[in-house]
Amino acid sequence: MTRPEKHSLTLRGHRTSVSLEPEFWVAFRDLARAQGKTLNGLAIEIDETRGDVGLASAIRVYVLKAAQSSGA
């Protein structure tokens, strides 16, 4: 197990920090790249649909669902 790493994201001009485990950062970056999006752009899409769930949790669930749908 590794400790979460904090990185800054910019969502519609607003800077925010998100803490994710390094493995999630790698998968999140890979997903953004595969979709032809920036990391901030994909984070904005996730942010718009997350409801009252924290952004870090929403990103983890997004990454997990993507892995499940790809058969990983």
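Author: What follows is a conversation about helix packing, the core and some individual residues.

Reader: Before that, what should I know about the model and the numbering?

Author: This is a predicted model, in which local features need pLDDT of at least 70 and side-chain atom pairs count only at pLDDT 80 or more, while totals for chains, interfaces and linings use all residues. Residues are numbered from 1 along each chain as its sequence is written, and side-chain values use heavy atoms, with hydrogens and water left out.

Reader: OK, which residues of α2 are buried?

Author: In α2, which spans residues 39-49, the buried residues are L42, A43, I46 and D47; buried means under 20% relative accessible area, exposed over 50%, and partly exposed in between, with a 1.4 Å probe and protein chains only. Helices (H or I, at least four residues) and strands (E, at least two) are DSSP runs, numbered from the N terminus. Seen down the axis of α2, the buried residues fall within an arc of 140°, so they line one face of the helix; the arc is that of the directions from the helix axis to the C-beta atoms.

Reader: And what is on the face turned away from that buried side?

Author: That face of α2 carries the exposed residues E48 and T49.

Reader: What covers the buried residues of α2?

Author: The cover includes β1 (5-11), α1 (22-34) and α3 (55-69), where contact means heavy atoms within 4.5 Å.

Reader: At what angle do α2 and α3 pack?

Author: The angle between α2 and α3 is about 105°, and their axes lie 10 Å apart. Axes are lines fitted to C-alpha atoms, for helices over the stretch in contact, and angles run from 0 to 180 degrees between N-to-C directions. That makes α2 roughly perpendicular to α3, given that angles under 35 degrees count as roughly parallel, over 145 as roughly antiparallel, 65 to 115 as roughly perpendicular and the rest as oblique. On the α2 side the contact is made by L42, A43, I46 and D47, and on the α3 side by L55, A58, I59 and Y62.

Reader: How about α1 and α2, at what angle do they cross?

Author: The axes of α1 and α2 cross at roughly 95° and come within 9 Å, which makes α1 roughly perpendicular to α2. From α1 the contact uses W25, F28, R29, L31 and A32, and from α2 it uses L39, L42, A43 and I46.

Reader: Switching to the core, how many residues does the largest nonpolar one have?

Author: The largest nonpolar core has 17 residues, and those with the most contacts inside it are V18, L20, F28, L42, I46, L55 and I59. Such a core is a set of buried Ala, Val, Leu, Ile, Met, Phe, Trp, Tyr and Cys residues joined through side-chain atoms within 4.5 Å. Two or more residues come from each of β1, β2 (14-20), α1, α2 and α3, and α3 gives the most, with 6 residues.

Reader: What does L55 touch?

Author: Leaving aside neighbours within four places in sequence, L55 is in contact with L11, T16, V18, A43, I46, D47 and R50.

Reader: Last one: where is E21, and is it buried or exposed?

Author: E21 is found in the loop between β2 and α1, and it is buried, with a relative accessible area of 19%. Beyond neighbours within four places in sequence, E21 is in contact with T2, R3, P4 and R60.
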